[in-house]
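The tour begins at one residue pair and then widens to the whole chain.

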Amino acid sequence: MSLFLTDGLIIANPALSDIPKFANIAGKAIYIIEHTKAGAIGISLNQNFSKPIDEIAESLPVLKLLNEENLLTNKVISGGPLANDIPWIFSRRTGEYDKQVSNDYLALNFSDSAFEQSKKQDRAVCGIGSFGWGAGQLENELANGLWHYFPTTEAVLDSIPFANAVRGAAQLLLTMKY
C-alpha cells in the first residue's frame, strides 16, 4: 500500500548546508517513487554527472544498451548517495520489468530489458544512485524540518526539466513553474 509521499517532491531544507552531516543534501530535490510502511525510495532530480553516458558506459556496460536518441537528455542524473554504482532508467510506467520500483505513473527500472526497450515516448532519463529511508525515517525527517514536501500532479511531473542543468531546488521549482 502506497502512502502519501508516493509521487511527491521533497526538497532539502537549505539550512542543512550549515550542518556537516547533511551538507551534501542541502538544496536537493527528491522525487519519491515509492513510500510504504517499510520505507521510501526516491531520486534526486537536480544534479547530473559531469561525464556523458558513453564515458560512464565504459565502467557500467549496461548503459551501452541504451539508444541515447530515445532519452530526454544525454546527461546522467546523479540520483543519490545510495547504490551509486547501479544505473537505472526513469520513465513513464509502460510495463513490468523484473527489477522495477514503480507507482501508478512513473517507474525506476534496473532491468537490462528496460535499457534496451526504452522508447522516445517513454520520456526516459538515465541515472545512477538513489535515496532511501527505512520505516518511519522519512516521516521523522519531515517532522524535524529536514525536508519540505510538495504534492505533485502528472502535469508537474511532465514539466521536470531533465535536459537543463538545474543547480538548486528553488531553481527547479521555478523552471517547472510549480
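Select Ile11 first: opposite this residue, in strand 9, stands His148. The model is predicted, so local features need pLDDT of at least 70 and side-chain atom pairs count only at pLDDT 80 or more, while totals for chains, interfaces and linings use all residues. Residues are numbered from 1 along each chain as its sequence is written, and side-chain values use heavy atoms, with hydrogens and water left out.

Next, select residues 147-150, which form strand 9; this strand runs antiparallel to strand 1 and is joined to it by four bridges. Strands here are DSSP runs of E with at least two residues, and helices are runs of H or I with at least four, numbered from the N terminus. Two strands count as paired if DSSP finds at least two bridges between them.

Within strand 2, Ile30 is the bridge partner of Ile10.

Now display the side chains of strand 1, residues 9-12. In a regular strand the side chains alternate between the two faces of the sheet. Here Leu9 and Ile11 lie on one side, Ile10 and Ala12 on the other, and all are buried. Buried means under 20% relative accessible area, exposed over 50%, and partly exposed in between, with a 1.4 Å probe and protein chains only.

Finally, show the entire protein chain, which has five helices and nine strands. From the N terminus, the order of elements is β-β-β-α-β-β-β-β-α-β-α-β-α-α. Of the 178 residues in the protein chain, 48% are buried.
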